[in-house]
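I opened a notebook for a structure that was new to me. These entries record what I looked up.

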Amino acid sequence: HREEILGLVRHREALMRESHPMERIMATQAQEDRITITTTGFHLARDIGSAVHHAYRGKLEIDYPDADETLYVHWHRA
């Protein structure tokens, strides 16, 4: 479902731009068993994680190791 998930990610970015114009995807790296997406801000990262979780279920983890600068969103199939 890699292409479907990436399509959902691009769609969420386009929707997010309407309310948060500075929120963008900076990079997408696909490896064999994962996709790493780097965004410019928290809003888009959280939105993408929530959208993927809603569409595909699984497990969603959101971690703020440094609440002012860093947010990690991890989703995987359960």
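**Ground rules.** The model is predicted, so I note that local features need pLDDT of at least 70, that side-chain atom pairs count only at pLDDT 80 or more, and that totals for chains, interfaces and linings use all residues. Residues are numbered from 1 along each chain as its sequence is written, and side-chain values use heavy atoms, with hydrogens and water left out.

**Entry 1, the largest pocket.** I looked up the volume of the largest pocket and found about 1000 Å³. Its lining has 28 residues, and those closest to the centre are Ile-35, Thr-36, Ile-37, Val-73 and Trp-75. A pocket here is an open set of points on a 1 Å grid over the protein atoms alone, where a 1.4 Å probe fits, with protein on both sides within 12 Å along at least five of seven lines; lining residues have an atom within 4 Å of a point. The volume is the space filled by probe spheres set on the points, which are joined across faces, edges and corners.

Which elements each supply at least two residues of the lining? I noted helix H1 (2-19), strand S2 (35-39), helix H2 (42-56) and strand S4 (70-76). S4 gives the largest share, seven residues. Helices (H or I, at least four residues) and strands (E, at least two) are DSSP runs, numbered from the N terminus.

I then sorted the lining by class and got twelve nonpolar, ten polar and six charged residues. Ala, Val, Leu, Ile, Met, Phe, Trp, Tyr, Cys and Pro count as nonpolar, Asp, Glu, Lys and Arg as charged, and the others, Gly among them, as polar.

I found three salt bridges in the structure, each a side-chain nitrogen of Lys or Arg within 4 Å of a carboxyl oxygen of Asp or Glu.

Arg-12 pairs with Asp-47, with the closest N and O atoms 2.8 Å apart. Arg-12 is in helix H1 and Asp-47 in helix H2, so this bridge ties together parts that are 35 residues apart in sequence. Arg-12 is partly exposed at 24% relative accessibility, while Asp-47 is buried at 17%. Buried means under 20% relative accessible area, exposed over 50%, and partly exposed in between (1.4 Å probe, protein chains only).

Glu-13 pairs with Arg-17 at 3.8 Å between the closest N and O atoms. Both lie in H1, four residues apart, about one turn of the helix. Glu-13 is buried at 11%, and Arg-17 is partly exposed at 34%.

Asp-33 pairs with Arg-34, the closest N and O atoms being 3.9 Å apart. Asp-33 is exposed, at 64%.

I checked the length of H2: 15 residues at 1.5 Å a residue should span 21 Å, and the end C-alpha atoms are 21 Å apart, which agrees. The expected span is 1.5 Å times one less than the number of residues.

Which residues of H2 are buried? I listed Leu-44, Ala-45, Asp-47, Ile-48, Gly-49, Ala-51 and Val-52. Their cover includes H1, S1, S2, strand S3 (59-66) and S4. Leaving aside neighbours within four places in sequence, Asp-47 is in contact (heavy atoms within 4.5 Å) with Arg-12 and Met-16. Just after H2, Arg-57 takes a positive phi of about 60 degrees.

I found Met-22 in the loop between H1 and strand S1 (25-30). Met-22 counts as exposed, at 71% relative accessibility.
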